[in-house]
Amino acid sequence: GPARALDNPAMDELRATGAVAAARETARGGWVEWAGLALVLCLFGWLVSIFYVPAFYGGVDESAYLLTAKQLALTNRPAYANADPAVFVSENMVEPTPGVFAAKYPLGYPLLCAVAYWAAGTSGPFGVNPLLGAMLIAGTFLLVREMVSARMGLLAAFILALHPLVV
């Protein structure tokens with residue numbers, strides 16, 4: 001029967017090494033880890049809802065990212081055309097051909113913002129940074145949990161959730 005299946009040398013060896021106890025502890029404590037991470041992410045979301053201000057104050061970097069994202073979302077091209085010779089172009093835009101302007105940055109971040117623009121409209125790109133922050137917190141938890149322990153993973157996630165450069 002089932003009791004006899006547990007009475008064998010292999011199970012005795014697992015009991016001696018503590019593997020069975022560790023597996024039981026993991027099964028019991030697994031939901032606590034995920035609940036802790038959920039609470040940390042809720043804390044992060046709450047802090048973002050209070051303190052987050054979209055960086056839309058017309059800085060050269062922000063305007064180039066947003067303009068590139070908008071162009072990608074609306075035209076599938078990272079550059080925009082403007083034939084007006086008196087058009088203002090920020091200092092981090094290049095003019096590969098006359099009247100066509102493109103940002104001199106890689107397209108990774110603008111592509112993320114373009115997907116958000118396409119999915120959620122003009123306010124979509126402003127949700128990319130909070131989403132990336134939440135992914136950073138969850139990824140840090142998983143990495144530290146794997147390398148050290150679940151408690152340290154939660155502590156690292158909690159510290160990141162409170163850090164002003166992440167919020």
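Trainee: Which residue in strand 3 is the bridge partner of Tyr-80?

Mentor: The general idea is that two strands pair if DSSP finds at least two bridges between them. Helices (H or I, at least four residues) and strands (E, at least two) are DSSP runs, numbered from the N terminus. Here the bridge partner of Tyr-80 in strand 3 is Phe-101. Strand 1 and strand 3 are joined in the antiparallel sense over two bridges. Before we continue, note that this is a predicted model, in which local features need pLDDT of at least 70 and side-chain atom pairs count only at pLDDT 80 or more, while totals for chains, interfaces and linings use all residues. Residues are numbered from 1 along each chain as its sequence is written, and side-chain values use heavy atoms, with hydrogens and water left out.

Trainee: What is the order of the strands in the sheet?

Mentor: The sheet is open, and its three strands stand in the order 1-3-2 with antiparallel pairing. Strand 1 (80-81) and strand 2 (93-97) are at the edges with a single partner strand each, so one side of each lacks a neighbour in the sheet. Strand 2 runs antiparallel to strand 3 (residues 100-103), and three bridges join them. Val-94 faces Ala-102 across this pairing, and Thr-97 is opposite Val-100.

Trainee: How many residues lie between the strands in the hairpin of strand 2 and strand 3?

Mentor: Two residues lie between them, and Gly-99 in this hairpin adopts a positive phi near 80°.

Trainee: Which way do the residues of strand 3 point, and are they buried or exposed?

Mentor: In a regular strand the side chains alternate between the two faces of the sheet. Burial is read from relative accessible area: buried is under 20%, exposed is over 50%, and partly exposed lies in between (1.4 Å probe, protein chains only). In strand 3, Val-100 and Ala-102 point one way, Phe-101 and Ala-103 point the other way, and all are buried.

Trainee: What covers the buried residues of helix 4?

Mentor: Cover is judged by contact, meaning heavy atoms within 4.5 Å. The buried residues of helix 4 are Ala-64, Leu-66, Thr-68, Ala-69, Gln-71, Leu-72 and Ala-73. Their cover includes strand 1, strand 2, strand 3 and helix 5 (108-120).

Trainee: What span should helix 4 have?

Mentor: The expected span of a helix is 1.5 Å times one less than its number of residues. For the 16 residues of helix 4 (residues 60-75) the expectation is 22 Å, and the end C-alpha atoms are 22 Å apart, which agrees. Helix 6, with 20 residues, reaches 28 Å from its first C-alpha to its last, close to the expected 28 Å.

Trainee: Which residue follows helix 4?

Mentor: Asn-76 follows helix 4. Asn-76 has a positive phi of about 65° although it is not a glycine. This residue is in the loop between helix 4 and strand 1, and Asn-76 is exposed at 67% relative accessible area.

Trainee: How many salt bridges does a search of the whole structure find?

Mentor: Side chains of opposite charge can pair when their charged atoms come close. The criterion for a salt bridge is a side-chain nitrogen of Lys or Arg within 4 Å of a carboxyl oxygen of Asp or Glu. The search finds one, between the side chains of Arg-145 and Glu-33 (3.0 Å, N to O). Arg-145 in helix 6 and Glu-33 in helix 3 (residues 19-51) are 112 residues apart, so the pair links distant parts of the chain. Arg-145 is partly exposed at 26% relative accessible area, whereas Glu-33 is buried at 17%.

Trainee: Which residues form the nonpolar patch on the surface?

Mentor: Patches are made of residues with over 30% relative accessible area and no salt bridge; like charges are joined within 9 Å, and nonpolar side chains (Val, Leu, Ile, Met, Phe, Trp, Tyr) within 5 Å. Accessible areas come from the Shrake-Rupley method with a 1.4 Å probe, and for residues only the protein chains shown count as cover. The patch consists of Leu-143, Met-147, Val-148, Met-152, Leu-155, Phe-158, Ile-159 and Leu-162, with about 780 Å² of accessible area together. Helix 6 (128-147) and helix 7 (150-162) are the elements that give two or more residues to the patch. Helix 7 supplies the largest share, five residues. Leu-162 lies in helix 7 and counts as partly exposed at 42% relative accessibility.
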